[in-house]
Amino acid sequence: MSGSEQESTHRAVERVARESYGRLVAYLSSQTCDVGSAEDALSNALVAALETWPRDGVPQNPEAWLLTTARRSFIDLVRHRKVAEASEPTLALLRVEPKDMTLSPEFPDERLKLLFVCAHPAIDPAMHTPLMLQTVLGLDAARIAHAFLISPTTMGQRLVRAKTKIRDAGIRFEIPLERELPQRLDAVLEAIYAAFGIGWDDMAGVDQRGRDLAEEAIWLARVLLQLMPAEAEVHGLVALMLHCEARRAARRGPDGRYVPLSEQDCHKWSAPLMEEAERHLHEASSRSRTGRFQLEAAIQSVHAERARSGEIQWNAIMVFYEQLIRISPTLGTRTGYAAAAAEAKGAEAGLAALDGMDLHDVSAYQPYWAVRAHLLQRLGKRPEALDAFDRAIGLAEDSAVRQFLLQRRG
Amino acid sequence: MGRFPSVIHLEARQAPQCPQGEKVMQFALLIFESPEAFAARNTDENDPYLGAWRAYYKALVEANIYVGGDPLQPPETGTTVRLKDGKRHVQDGPFADTKEQLGGFTILELPSLDAALEGAARCPAAAIGAVEVRPVSPGFKRQVIG
């Protein structure tokens, strides 16, 4: 086999791995409740593919080939484990193998169940996002650890612990009951959005890893949308992320300088992404069931409108924040409301909204101090403004944001 | 009874696909109670806490998910034993010195953690103390009893 043929085989393995990883892990683990072994089995199957496909050619149905190989590997893995309980999933797996999988390539898509398992309330909420990134998208622990700013060893251990809990605690691969669904779906959406947020914050304009994580989050949301096309909040989340994604090129000046949203050059925003976001927002609103992500997307939609009208409807943003506070009165929403109120009704109104927040809660919340500093400055309260700027600068993690605040502080 | 009808529907949940679930699993509900709840046990027959427990027990039995369980005497009656260097150390009181103390346990047979959490949420102690849900380990039991 020539070098280029070998390369294309490698690419075939990579492509199948990327497109089918989550489906295969979900299918294998939904039958066994053992996510860890399902992943190990699939890794073995991928290694086997890299060894045999260059020699024998890429099979007609690569996904079915991987599933059959992973299934065998799974059985071997469990057989070699000296734990009494472990024999049960294997037996079940042996029982359910109906016929040669290469002949029946169709297998059910269990990724939705896997997403619900990853965000199960019995799992540490801090692990919801890492679990999804690993089990559904196949990201390795080292890369997830990098995004979460902890050591790869620690992340690896936490992931193993979470998967052991899934296997042993009796968490089932099933869609939650109707009355639990909204809350359980929220946890899934939160976890996807957290991945996006990390990718976003981490980006700093140049960091390729951060950018990847934001893209992975959007991909994950698209998977969810495919599986739950009727859920308004899923459309809302997709709309929100696409609106943010559309502004990627405008977030930094040519010199890497931070550019606040209201000062971004909207010609740099991606029109196709904004249009797609609007379609999802429209789809969501047609289902007349409002929610947090739809409201956040609606706020971004108002900002996006500036590309057409040239101005920002701060009143509309303020109203959306009011609704958002009723659903989720987080520090973020309340600070957002204050910033919008300052534009819509004047700096005093914004400052009054900030004053209504508990000083203890906001002591380490950077956006609060940044907004406060700007409003105090606008009101000419210089000593207090300087003080707030110092706090905002001290709490900033992004050096471009720090630089921006230092300049404004004067 | 009116408060617990959904316990009866616990068993009607969609059959799980996992192999352990085909045989259903056993979960221990470890019931942690406050000193006030322990004290309430000695009040009269019409105590609402006691009434809630009666209804809860009845609902579990009717739902055919009750395996067994028992309340425990208050933590002050506990005595803790440790063997150090072959020497027996006996200590007055429960193992852990926490506000809420183990007050009893119930074993339920159910298809999934979610079903067990449903059962735990309806336990009268959940409202004033806490209920820890732990799967029973049949694997270790097999190793022990052979």
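Which side chain meets A:Arg372 in a salt bridge? The partner is A:Asp355, with N and O 3.0 Å apart. A salt bridge here is a side-chain nitrogen of Lys or Arg within 4 Å of a carboxyl oxygen of Asp or Glu.

## Ground rules

This is a predicted model, where local features need pLDDT of at least 70 and side-chain atom pairs count only at pLDDT 80 or more, while totals for chains, interfaces and linings use all residues. Residues are numbered from 1 along each chain as its sequence is written, chains are lettered from A and ligands numbered from 1 in the order in which they are written, and side-chain values use heavy atoms, with hydrogens and water left out.

Helices are DSSP runs of H or I with at least four residues, strands are runs of E with at least two, and both are numbered from the N terminus. A:Asp355 is partly exposed at 48% relative accessibility, whereas A:Arg372 is buried at 15%. For these labels, buried means under 20% relative accessible area, exposed means over 50%, and partly exposed is in between (1.4 Å probe, protein chains only).

Which residues of α16(A) are buried? In this helix (residues 347-355), they are A:Ala347, A:Gly350, A:Leu351, A:Ala353 and A:Leu354. They span an arc of only 155° around the axis, so they lie on the same side of α16(A). That arc is taken from the directions from the helix axis to the C-beta atoms. The cover over these buried residues includes α15 (331-345) and α18 (366-378) of chain A; contact means heavy atoms within 4.5 Å.

## Around helix α5 of chain A

Eight of the eight residues of α5(A) are buried, so this helix is largely enclosed by the rest of the structure. The buried set runs through A:Arg111, A:Leu112, A:Lys113, A:Leu114, A:Leu115, A:Phe116, A:Val117 and A:Cys118. A:Lys113, buried at 12% relative accessibility, makes a salt bridge with A:Glu110, their closest N and O atoms being 3.3 Å apart. A:Glu110 is buried too, at 9% relative accessibility.

Now for the loop between α5 (111-118) and α6 (128-135) of chain A, which is where you'll find A:Met127. A:Met127 is buried, with a relative accessible area of 5%. Setting aside neighbours within four places in sequence, A:Met127 touches A:Met155, A:Arg158 and A:Leu159.

## Chain B at a glance

Chain B has seven helices and six strands, arranged along the sequence as α-α-β-α-α-β-β-β-β-α-α-β-α. Of its 146 residues, 37% count as buried. Among contacts in chain B between residues at least 6 apart in sequence, 78% join residues at least 24 apart. The accessible surface of chain B is about 8800 Å², and 55% of that belongs to carbon and sulfur atoms. Areas come from the Shrake-Rupley method with a 1.4 Å probe; for residues, only the protein chains shown count as cover.

## A hairpin and a nonpolar patch

Strands β3 (residues 79-84) and β4 (residues 87-92) of chain B pair in the antiparallel sense over six bridges; pairing requires that DSSP finds at least two bridges between two strands. The two form a hairpin with two residues between them, and B:Asp85 in the turn has a positive phi of about 50°. B:Leu83 stands opposite B:Arg88 in β4(B).

On the surface, B:Leu72, B:Leu102 and B:Phe105 make up a nonpolar patch with about 210 Å² of accessible area together. Patches are built from residues with over 30% relative accessible area and no salt bridge, joining like charges within 9 Å and nonpolar side chains (Val, Leu, Ile, Met, Phe, Trp, Tyr) within 5 Å. B:Phe105 belongs to strand β5 (residues 101-110) of chain B and is partly exposed, at 32% relative accessibility.

Over all chains, the structure holds 24 salt bridges. One of them joins B:Lys58 and B:Glu62, with the closest N and O atoms 4.0 Å apart. These residues are four apart in helix α4 (residues 48-62) of chain B, so about one helical turn separates them. B:Lys58 is partly exposed at 44%, and B:Glu62 is partly exposed at 43%. Elsewhere, salt bridges that share partners link A:Arg179, B:Glu118 and B:Arg122 into one network.
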